[in-house]
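Reader: I'd like to go through some labels and see where they come from. Can you show me the model?

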Amino acid sequence: MSVLPDPGASRAVLIGTSRYDHLEQLPAVSSNLADLATLLRGPLSLHLPAAHVTVIENPPDPGSVMGPLRQAAAEATDSLLVYYAGHGLTDLNDTLALALPHTRPGHIETSLGYDWLRQILLDSHAQRHVVLLDCCYSGLALGRMSISSSLADQAAVEGTFLLAASAETRPALAPVGAVHTAFTGALLETLRHGVPAGPPLLDLETLYRHLHHTLEARGQPLPQARNRNNGARIALARNHAGLPTPPAAHTAGTAEDRRSWPDPAAVSTVTGFLTSLRTVREISGLTQQEVSRRSNGQISPGAISRLANRDTIPATWSTTAAYLAACGVPADQIDQWHRTWQSLRGNPPTTPQAPAGPSHADSASSVRTRWRLPGLRRGRDQ
């Protein structure tokens, strides 16, 4: 089952080098970093708090990267996303090195070794890891996703997905004059606009498949991917191509029963709870006035606005319950919302009462078909 990370318990570190002393300049990397950071912070993607997205542009030395990366790895308990854009080089052992502004070809100590980054991920407190590499020869990292035996014991809760812009022997593409590099430009486009006829959540499996087809059609280098455990199920956004266009009117018992509502069971922080509440109305396709009317007067448009813009957990449950029911969330899911609210409030669990207002039954679960594309390596550890 695909899952959106809890924004309050997740971190993203975006690293990029656009200026070089001894290598070709990559001005598009600067736009990559700025636009990806904006997207990750906004409602079109993970809605991470600004403080949870760290951008490291043109770091002067490896230490400038390792410190912030270690901090993010220590703070993230849900998901940790690491992105690098710039030149990728290979050392004498054919391992990947990420070039920094002062990197000199043949002087490996002036670059950031991918294995150093990888070790921080292995030591991270995060349950899930996402690595996005937009650089030449980034596919070299695919063979370095193995994990130590002590961490392998945590397979039930750990997932890693690495998405690389190119294969081991191929350069990535930064078209002259383009705002973004080819790989990151296609990724941003997909997260913003969605995948027509795609699933409700754009998990990494879906993103890889769509990027592969998109870049192949454009005659550009094909991305590579490697999945560890449940890493492919990590979602980076909702599929905005499939969301309704408000205002929309819905009738109880219709297609809204089958919508992919936020999963309150995956929420562990107040930030995640409040972000998911806002997402509920986005998925419903209803305006604040329509939600109020559907609540039969239990919650006013002003109360809905305050609920969407607050930064603390609601002190009482009744308003949240009425809001969820009026948006069309099924009653059994509202029960789970109640349990999550109780947990975040520090209250002992009780048997929740069904909220007044519309309620709906769950639809039958669908069968997901596995897929395989050229370039996706599958190992025994997946």
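Author: Exposed means over 50% relative accessible area, buried means under 20%, and partly exposed is in between, with a 1.4 Å probe and protein chains only. Keep in mind that this is a predicted model, where local features need pLDDT of at least 70, side-chain atom pairs count only at pLDDT 80 or more, and totals for chains, interfaces and linings use all residues. Residues are numbered from 1 along each chain as its sequence is written, and side-chain values use heavy atoms, with hydrogens and water left out.

Reader: Where does Asn296 lie, and what is its phi?

Author: Asn296 lies in the loop between α8 (288-294) and α9. Its phi is positive, about 60°, although Asn296 is not a glycine. Helices here are DSSP runs of H or I with at least four residues, strands are runs of E with at least two, and both are numbered from the N terminus.

Reader: And Asn58: why is it called buried or exposed?

Author: Asn58 has a relative accessible area of 12%, so it is buried. Asn58 is found in the loop between β2 (53-57) and α2, and it has a positive phi of about 50° although it is not a glycine.

Reader: What makes Phe273 and Trp337 an edge-to-face pair?

Author: Their rings are 5.3 Å centre to centre, with 75° between the planes. Rings of Phe, Tyr and Trp (its six-membered ring) pair if their centres lie within 6.5 Å; planes under 30 degrees apart count as stacked, over 60 as edge-to-face and the rest as tilted. Phe273 sits in helix α7 (residues 270-284) and Trp337 in helix α11 (residues 331-345), so the pair ties together parts that are 64 residues apart in sequence. Both Phe273 and Trp337 are buried.

Reader: Why do the rings of Trp317 and Trp341 count as tilted?

Author: The planes are at 40° and the centres 5.7 Å apart, so this pair is tilted. Trp317 is in the loop between α9 (301-309) and α10 (318-327), while Trp341 is in helix α11, so parts 24 residues apart in sequence are tied together. Trp317 is buried at a relative accessible area of 12%, and Trp341 counts as buried at 7%.

Reader: What makes α2 roughly parallel to α3?

Author: The axes of helix α2 (residues 63-75) and helix α3 (residues 114-123) cross at roughly 20° and come within 9 Å. That makes α2 roughly parallel to α3. Met66, Leu69, Arg70 and Ala73 in α2 meet Trp116, Leu117 and Ile120 in α3. By type, these contact residues are six nonpolar, no polar and one charged.

Terms used. Axes fitted to C-alpha atoms, helices over the stretch in contact; angles between N-to-C directions. Parallel < 35°, antiparallel > 145°, perpendicular 65-115°, else oblique. Contact = heavy atoms within 4.5 Å. Nonpolar A, V, L, I, M, F, W, Y, C, P; charged D, E, K, R; others polar.
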